[in-house]
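Here is a short report on one structure. Read it with the model open beside you.

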Amino acid sequence: MRHTVSVADMKLTTSGEDLLITHSLGSCLGVIIYDAVASVGALLHVMLPLSTINPEKAVDNPYMFVDTGVPRLLNECYKMGAKKGNLVVKVAGGAKIGAAAQSGDFFAIGSRNVTVFRKILWKNGLMCKAADVGGTRPRTLSLDMNTGEVLIRSDGQVTAL
Amino acid sequence: MTTRYDQVLQDVAAEAFSTLGFMFPMDEGDSADAGPLADPVVAEVCFSGPQSGALKVAVEPQLPAVLATNMTGADDQAPAEQQLDAFKEMANVICGNILPRIAGQEAVFDVHPPEICRQDAPGPGGQCVAQAGLLLDGGRVEVSLFLNA
Amino acid sequence: MSLNVLVVDDSAVMRSMIIRTLEMAGVDIGQVFQASNGEEALQQLDANWIDLALVDINMPVMNGEQLIEEVRRRSAIADLPIIVVSTEGSQTRIERLQQKGAKFIHKPFTPETIGQIVEGVTEVANDNQV
């Protein structure tokens with residue numbers, strides 16, 4: 001079954017039949033966690049780097065912020081039986097979209113999202129297996145639970161991540 | 001007229017703090033307008049080679065603790081010794097990365113071990129050829145590059 | 001087969017980052033030895049069996065380049081796989097180090113970069129052990 005993950009949301013599955021997909025990743029990050037051994041897969045579509053700008057919102061929906069969404073994503077996967085040693089982590093997005101594309105690289109939300117994401121992985125002792133971040137193009141990201149294949153669609157082109 | 005390297009220094013420092021220190025620049029407020037840093041911690045890295053000089057990095061006093069905690073990936077605040085070690089290493093990385101940008105990829109420099117300086121210590125000699133200010137999520141940073149004549 | 005690793009850097013925080021990265025990369029590490037300059041590194045190499053060394057360049061007392069030259073001169077450890085982890089940006093010096101059989105990782109690095117390069121080198125180091 002095909003599950004679409006909307007903005008500031010996460011979907012987790014243990015079914016080998018499922019496809020998780022999220023559209024229109026701009027400066028947002030799409031984070032994929034996959035454990036082939038436990039057959040656990042999840043896709044997070046997260047918007048902003050730090051929950052400190054609105055802690056109440058973060059309590060309401062942790063998947064809005066990278067610093068609350070990614071730890072929650074990891075915990076949910078562990079709860080379903082995923083093991084740290086088997087986790088494959090992949091990320092896409094963090095682009096410079098709209099006005100940010102005109103301004104300096106380091107002021108864009110996208111690159112901040114990437115930095116906070118890397119920080120959380122480092123703190124949790126996890127490597128990112130593959131990343132397609134930055135640039136100015138929006139992306140669609142999907143995880144096929146049957147094969148573990150992660151695909152990115154951007155500008156009409158499909159590439160495996 | 002002497003060439004200025006302000007933008008290059010800004011880019012190199014932001015890249016180093018982001019990649020190694022997991023810190024990012026906050027909103028585009030110009031931290032240069034915010035006045036001098038209060039009680040800064042200062043590190044200096046001297047170098048010699050085709051050109052000699054020094055890189056000076058001044059940060060707000062709370063920044064080394066954040067930096068060390070980020071770099072070690074620890075849950076607790078890093079001990080004082082690690083905080084200064086992390087800060088000195090960051091100064092070293094910025095220095096090592098700015099030199100080929102101003103002197104070319106062929107030039108071989110000896111980068112000396114970074115030192116923590118007293119706030120009121122006289123600055124390095126030579127001419128300041130680049131200055132950059134960053135407002136990071138961990139605090140403010142000022143970086144200056146000095147070249148001897 | 002687990003590998004004994006020597007990490008040489010004058011920054012203790014940097015040494016701990018490198019060690020953490022090796023663990024995260026799934027490298028099967030035996031013992032970890034540390035040194036804060038080239039001279040200390042040679043003492044560690046004399047006293048211990050070491051399969052892989054990660055070495056900074058700019059260090060007090062004896063720098064990384066001098067250390068690598070010394071290692072290559074000593075027949076007992078001349079074949080030691082070495083990865084240089086440094087801010088070094090001079091192509092001239094990097095090529096000089098590569099000619100001495102060292103791999104190069106530029107600081108600031110991401111853990112993923114270290115992971116990839118170490119994986120490649122440890123395959124070779126493992127082969128040498130057999």
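## A bridge between two strands

In β7(A), D132(A) is the bridge partner of A92(A). Strand β6 of chain A covers residues 88–93 and runs parallel to β7(A), with four bridges joining them. Two strands pair if DSSP finds at least two bridges between them. Strands are DSSP runs of E with at least two residues, helices are runs of H or I with at least four, and both are numbered from the N terminus.

This is a predicted model: local features need pLDDT of at least 70, side-chain atom pairs need 80 or more, and totals for chains, interfaces and linings use all residues. Residues count from 1 along each chain as written, chains are lettered from A and ligands numbered from 1 in written order, and side-chain values use heavy atoms, without hydrogens or water.

## The sheet in chain A

Five strands form an open sheet in chain A, in the order β2-β5-β4-β6-β7. The pairing is mixed. β2 (9–13) and β7 (130–133) of chain A are the edge strands, each pairing on one side only.
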